[in-house]
Amino acid sequence: MQRSGPSLRRLLLATPGNPAFLAGWRRTWARGGGQRSSAPATGPAFRWRSEAGWRRALQMLQELQADGYDASRMDWSWWTENIQSSNSKIDVTCQKCGHRSRGTKLQSLQSGQSPGCFCNGRVRWSSREGHARCLALLRDRFGERYDASRMDWSWWQKNIKNQRSKIDVTCQECGHPSRTTWLTSLQIGQPPGCLCNGGVRWSSREGRARCLELLKDRFGERYDASRMDWSWWQENTDGQRSKIDVTCQECRHRSRGTMLMSLQRGYSPRCLCARRRKAS
Ligand SMILES: [Zn+2]
Ligand SMILES: [Zn+2]
Ligand SMILES: [Zn+2]
């Protein structure tokens, strides 16, 4: 997930003063970034709440995971307000999974522990935080498009174990109940598969069932769809522009011109009694 705040790297580069520190930091980068820098983290003069402590913490985050954490909340004024000692906690957001981590003490960071998030498994998807995160992801990325009401907390406890667990939502546009999307797919920005986005194909059995359901829900028994059995469906349907084949029971007109996408948007099949009207 992209954050609008400055990256840690830019934040470091923008930090005024202390050329010695910056030189050391650049050396660390030149070595590959994985090793501890030579800047002192302890000793009689070292205080976490000092500017040197602030820079040190940002540097350690960078070393743990280059550009992995958005530390833009921890600007200098935040630091002076929130940091007293090695027991104080940092406030960063993982750029990959978007988890805001506020529980890591400076002393843990110093011993090489990354802030907990969904990526390193220290915040579990099965937790309440995981539940909230999933709902937030759906809302932030897709607005009101997917109805997630089945995934209440008791559903979550029963069904979610890790990032390979699957979510259960319904597309509000095509009505498809989508139950095959992993949390890990959602996390990297993939929408739950449905008939609108090609994640579920109209040519599938699910697509056929959805078509019959749409006809029934909107028009009751009005259109006879018996020609569209499974073998007809396989021969004649490949996408949302494919046309259905139904007969109006009232005027007996056989209608073969309506695309699946029109039906999905609420239009009735054309016939003599309903030239082209929207389902009410
Ligand atoms: Zn993460
Ligand atoms: Zn859909
Ligand atoms: Zn008719």
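With 16 C-beta neighbours inside 10 Å, Glu 206 counts as partly exposed, a class that lies between buried (20 or more other C-beta atoms within 10 Å of the residue's own) and exposed (12 or fewer), with C-beta atoms placed from the backbone. The structure is a predicted model, in which local features need pLDDT of at least 70 and side-chain atom pairs count only at pLDDT 80 or more, whereas totals for chains, interfaces and linings use all residues. Residues are numbered from 1 along each chain as its sequence is written, while chains are lettered from A and ligands numbered from 1 in the order in which they are written.

Glu 206 belongs to helix α9 (residues 205-219), where helices (H or I, at least four residues) and strands (E, at least two) are DSSP runs numbered from the N terminus. Between Glu 206 and Leu 195, the C-alpha to C-alpha distance is 9.3 Å, at a sequence separation of 11 residues.

An open sheet is formed by 3 strands in the order β4-β5-β6, with antiparallel pairing. Because β4 (146-147) and β6 (177-178) stand at the edges with a single partner strand each, one side of each is left without a neighbour in the sheet. The antiparallel pairing of β4 with β5 (residues 169-171) extends over 2 bridges, two strands being taken to pair if DSSP finds at least two bridges between them; Asp 147 stands opposite Thr 170 in β5.

Arg 252 lies in the loop between β8 (246-248) and β9 (254-255) and is exposed, with 11 other C-beta atoms within 10 Å. Its phi is near 65°, a positive value in a residue other than glycine.
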